[in-house]
Amino acid sequence: MTQTMKDILNRMLNHEELTREETKDILIGITKSEFPNEQITALLTGLQMRGITVDELLGFRDGILETGVPALLDCDRYIDVVGTGGDRKNTFNISTTSCFVIAGAGYKVAKHGNYAATSTSGASNVIQRHGIRFTDDIGQLNRSINECGIVYLHAQLFAKAMKFVGPIRKALQFPTIFNLLGPIVNPSQPRCQLLGVANLDQMRLYNNVYQKIGIDYGIVNSIDGYDEISLTGDFKVTTNDYERIFKPQDLGLHVIKPEELAAGADEEEAAAIFDSVLDNTCLPGQKEVVVANAAFGIQVLEKGKKGIEECVAMARESIESGKAKATFRKFVELNS
């Protein structure tokens, strides 16, 4: 780096913004242990207090992808469905379940995920509980997406930079820029993404990020603070093509009670809910919320060419026909 971290921190104190190249260099410097923890702590705190810019976020993303393990899938068009987390709602694994419903409807999915940070069960918890072995072996990853339509990318195997900031993030005990990076550092760099955010500020930030990356996207936020479509009330959706507030009734779905979305007390209960949705034996509200999120994922994959009602019907059929369950069974068989 041409500038020292002292120079960077002085600029931060003057409320100056950093360039994409500068934050990429900082991230790479962190992985080479070039900066003491105190300086990294000061930087992360300063960025959090001032608010992150699009270019700063993209620079950190560039650095994570450059220093990590790539997952180059021999598949052209696939989607990731993910939430930013941190909404403190402790819902069951809605995004992960939706991914298997989308794959059951005949599309390709590369789900990027991790263990739970603030909820009972994260994507990696529920996947691992079914006997899945995480891998970064590209042959195995390609076999999974080609033979059953879905592959799971466990974040810790790919984003090598994250371990360098793990202890600092734990000590700080407030969200940092690294909480915003999770959804945009999928090592397979999908051309389609459905992202759930916990507030409208994040929706604006990621909207600008996705436009700069140049992918097909949908960003969803439930007005009552869920980082996914919760169907507990109105929700907002922003895509390449439109920005709109929906009511559950607009999709032919019902308003549901927050308690229907609960993950349960432990990983075992969360996994049982995940299974019951794919088995089509769950509560009506649990099925409808998965159908809603999967439907908007399908619409992103279709570049908005299908109306949301048609996408809802496809998602519902994936569950009710048993295709989503069959997809998951094949996924377990291939990855255990």
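Reader: Which residues is F296 in contact with, leaving aside its neighbours within four places in sequence?
Author: With those neighbours set aside, F296 is in contact with L194, I229, F235, V237, Y242, F246, L251 and I308, where contact means heavy atoms within 4.5 Å. The model is predicted, and local features need pLDDT of at least 70, while side-chain atom pairs count only at pLDDT 80 or more and totals for chains, interfaces and linings use all residues. Residues are numbered from 1 along each chain as its sequence is written, and side-chain values use heavy atoms, with hydrogens and water left out.

Reader: What makes a set of residues a nonpolar core, and which members of the largest one touch the most others?
Author: A nonpolar core is a set of buried Ala, Val, Leu, Ile, Met, Phe, Trp, Tyr and Cys residues joined through side-chain atoms within 4.5 Å. The largest has 59 residues, of which F92, I102, L251, F296 and F331 touch the most other members. Helix α12 (residues 284–301) gives the most to this core, with 10 residues, and apart from it lies another core of 42 residues, among them L172, Y210, I215 and I219.

Reader: Why is S230 called buried?
Author: Buried means under 20% relative accessible area, exposed over 50%, and partly exposed in between (1.4 Å probe, protein chains only); S230 has a relative accessible area of 0%, and is therefore buried. S230 is found in the loop between β5 (216–222) and β6 (235–239), and, leaving aside its neighbours within four places in sequence, S230 is in contact with S222, D224, I256, L261 and V289.

Reader: How do you know that the span of α2 is close to the expected one?
Author: Helices (H or I, at least four residues) and strands (E, at least two) are DSSP runs, numbered from the N terminus, and the expected span of a helix is 1.5 Å times one less than its number of residues. Helix α2 (residues 20–31) has 12 residues and reaches 17 Å from its first C-alpha to its last, close to the 16 Å expected.

Reader: What makes α2 mostly covered?
Author: Of its 12 residues, 9 are buried, and these buried residues pack against α1 (5–13), α3 (37–50), α4 (54–67), α8 (162–172) and α9 (177–181).
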